[in-house]
Each structure stands twice: as structure tokens, then as C-alpha cells.
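Dear colleague,

I am handing over the structure we spoke about, and my notes on what was found in it follow below.

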Amino acid sequence: MSIHKFPQDFKWGVATASYQIEGAYNEDGRGMSIWDTFAHTPGKVKNGDNGNVACDSYHRVEEDVQLLKDLGVKVYRFSVSWPRVLPSGRGEVNQAGLDYYHRLVDALVANGIEPFCTLYHWDLPQALQDEGGWGSRGTIDAFAEYAELMFNEFKGKIKHWITFNEPWCMAFLSNYLGVHAPGNKDLQLAIDVSHHLLVAHGKAVKRFRELGIPGEIGIAPNTAWAVPYRNTEEDIEACLRIYGWSGDWYLDPIYFGEYPKFMLEWYEKLGYKPPVVAGDMDIIRQPIDFIGINYYTSSMNRYNPGEAGGMLSSEAVSLGVAKTDIGWEIYAEGLYQLLRYTADKYGNPNLYITENGACYNDGLEQGGRIHDQRRIDYLAMHLIQASRAIEDGINLKGYMEWSLMDNFEWAEGYGMRFGLVHVDYDTLVRTKKDSYYWYKGVISRNWFER
Ligand SMILES: CO[C@H](O)c1c[n+]2c([nH]1)[C@H](O)[C@@H](O)[C@H](O)[C@H]2CO
């Protein structure tokens, strides 16, 4: 057994997202989002589930903040529903929507919890999608205006801002693989979306600085770590393309002002390239204050130019390790390797783990307890790697567990549970799981033994 410690000012937290927990999809002036449209389309989400009610957090601010307070978190990462504050995506503001976020932020601050705000966690106003969505350059300025509204409205109250959650999901999972809203399957569109969201990110950061907003701003890519099947140049490059797809493609333009050359050449060989307009790359490369790392799993990849290798000629093979209930392989070492790679490549910037967690569908047992020991084991394994990274000089500043509570798991619907708190979707009763109490102990001690 060893003791795993964390710095005194380490920012312990949990994370959620608007469409996954809020519900109240058509209340108090909220506009429709692409996820309302997608989830209401038969066949898109398992069991026909949708976020109409979700965890009903829109009506349960005090109850949820009490869960956060009891947990002892220092920060709470949540996202804003863009169509709840700007029903048409731009123009007329919905004051009731802003008032909801003021209630949430004020309750957090009153309880000594720092709000960590994600501006965009996938719920684009449908009105903007109707004009081309992220495939259109018009959405760039719409996002910048939305960001400016939120910066001015919450200036001094919210001091940690994330522009985008998981650009790769916004672009490729949603517009090339078609698994998420709006469900397109078009590689050039996905490359266009990636570029437009990067320009939008840069414009928002630029306004954040120009407005003199106190605090910090960053972005949270989803970074799929890949381990080479064989120690050959072909397999190593196959892994670099996997990471390049989801991480470098976004972080290189921000940190270096250019797309990763090896990925540009890969796409150009296939006949695709980003729609760069003069001045775009300078806008994108606004300095940011941190990178948010969302880590859940890794893959083992090998070069395969055939169909099994897909667009990247990179085939995933099993790591041969245990999987969570959503089928993702558990590979905590991958978190360390990812943190190391990111620190070495981008100049050891401030990092937060903005998401890490596990899907285990343990249910209520006699006596109302939920014994999710597998989640405790998963969290412990990954926190060991986080502590190791800090000891090795990596500027890891905080950890936000995914998720505070079970919630709408996108195309999987409500069947996949990631929460420290169980939600009964019939009654909306929240029940703290064993992992909630374990994590509460880690936070209060700032160390744990394993
Ligand atoms: C490979 O996992 C991805 O990085 C990822 C996993 N997750 C995410 N991104 C999203 O940011 C969350 O909204 C999901 O609920 C959460 C759990 O699926």
C-alpha cells in the first residue's frame, strides 16, 4: 500500500453538462438545440431516450448544490445551454435563462465552490443549425457574441471558462461518424467544423482578453491515447494519427498557429483540407491559460490500410484488459502517458483533468446503498497516475470527476450510468453511491492510500 498525495491548492471537482442534466427543454423561453432535434428523431438514441426531463436539474439547483457541498468539492464544472440564454442563437436574450445560471452560480459561490463554466458542451441552438451550424462561418461570430454575453453577465462571478468541450466530438463524431447530433457523415464537413470552431474559440479568447475578464480560459479536447501494437514505425505512426485526429488537430493551431503537418498531409492525400481564410490562424492562436484533459480509456492500434483501419489506416486491437460497462478498456497508464505527452509538446501548460470517470450500472441494493466498488477502483487507479504526473513536474492543477450524477449519456440514453450519485429516472430521487463517500474522503484528506 502507498500514500498518494496532492498539492494543498489542488482543485478537486466534479463535472456535468447542460443537456445531460437540466431537462426543462421547453420551459421559460429555452430554444431548441440540435440535441433536442436529434434525440426526438426515432432511432438516434437508445430506447428513444431524450433530455426533455433528464435529471430535472433546472428545477433542483439547491438540491444539487447541497450534493456538491456535502461532497466537499472546490470546483463544479457545468455547461451553459446556449439556446436557454439565446433561444435563436443570437439576438434576443432570454432573461429567465440567464436567471437560472445566476441562481446556480450564486448558490455555488455562497457555498465556497468555484464555478467552472463550459460555454459549449454540444447543444447548439437549432436555429443556427438551420443556417448551416458549425459548417457555416456565420456560427463563428454567433458563438463569439454568445461568449461575450456570458463573460459580461458573469464577470467576477465565474473565473474559470472553457470554450469548447471535445472539439473532436463536435466535428468528427457528429459530422463524420454521424453518431452524435446533428448526425452528418461527411469528412470535409467535419474538417470544416473543426476549423470554424477553432476560429470561434480564438475570437472568444480574444474578446475575453479585450474585455479584461478576471480569471482563466481554456479548451477541453478529448484525447484518445493510443499504444502501438508493435514497436514498428508503421504502428507508431498509426497511433500518432489517432491522437493527431482528436488532440493535435486542435491544440497545434492554438499553440503553434498551424495544423499538424503529418495530419494535413494525410487528409490532403485523401483529397481534403481545412477551409483556412487569411487571418484565421492568427485568430486561433490566442494564448490560453490551461488545457482541459478528458480521459477515460486508451486503445492499442496497428497500421492497417484496409477497411479495418478506416480513414486513418489505424486499426484498434484489444489491450486485453478489463472493460467498464460501456465497453471501454481500463488503462490508467494511458492517463499518465497522455499528460506527459501534452506537457512535453505544449510547454508544460497548466492542465486540469476536466473529465475522468467510469460507467458502471450498479443499482440500488437492500438498505438503499449502491456498492460501486468497481468505480472506486477505477478512480483510485487513475488518481494514482494523476499524483505520479504531479510528482514528475507536470502542472496538473485539478481533477473533475465525471460525473456528479447519472445523466443522459448521449446516444446511449439513460442506460449507461457514470454518476457518483444514482438517479432514479422515474422519481428523480438522488442516492449517493459508495464512490461518492470514497471520493469525499479523498477530497477532505487530499491524499489516499492504495
Ligand atoms: C472517450 O470518452 C470521451 O472523451 C468522453 C466521455 N464523455 C464525454 N467525452 C463527454 O464530455 C460527456 O458529456 C460524456 O457523458 C462522457 C461519458 O461518456
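Met263 is part of helix 11, which covers residues 261-270. Before going further, please bear in mind that this is a predicted model, and that the values given here are computed from it. Is Met263 buried or exposed? Its relative accessibility is 0%, and because buried means under 20% relative accessible area, Met263 counts as buried. If you look for Leu312, which is 49 residues away from Met263 along the chain, you will find that the C-alpha atoms of these two residues are separated by 9.5 Å.

Phe154 is another residue that I looked at, and its place is in the loop that runs between helix 7 (138-153) and strand 5 (160-165). Although Phe154 belongs to a loop, it counts as buried, with a relative accessibility of 0%. Leu240 stands 86 residues from Phe154 in sequence, and in space the two are 39 Å apart when taken from C-alpha to C-alpha.

Gly112 also lies in a loop, in this case the one between helix 5 (95-110) and strand 4 (114-120). The relative accessible area of Gly112 is 58%, and because exposed means over 50%, Gly112 is classed as exposed. From Gly112 to Glu22 there are 90 residues in sequence, while the C-alpha to C-alpha separation in space is 22 Å.

I now turn to the ligand. Which residues are closest to it? Of the 13 residues that surround the ligand, the closest are Gln20, Glu166, Glu355, Glu409 and Trp410.

Some of the contacts can be described atom by atom. Gln20 places a polar side-chain atom 2.7 Å from an oxygen atom of the ligand, and His121 has a polar side-chain atom at 2.9 Å from an oxygen atom of the ligand.

With kind regards

Definitions and conventions. Residues are numbered from 1 along each chain as its sequence is written. This is a predicted model: local features need pLDDT of at least 70, side-chain atom pairs count only at pLDDT 80 or more; totals for chains, interfaces and linings use all residues. Side-chain values use heavy atoms; hydrogens and water are left out. A residue is near a molecule or strand if one of its heavy atoms lies within 4 Å of it. A polar contact is a pair of N or O atoms within 3.5 Å; within protein, one must be able to donate a hydrogen and the other to accept it, and residues adjacent in sequence count only if both atoms are side-chain atoms. Helices (H or I, at least four residues) and strands (E, at least two) are DSSP runs, numbered from the N terminus. Buried means under 20% relative accessible area, exposed over 50%, partly exposed in between (1.4 Å probe, protein chains only).
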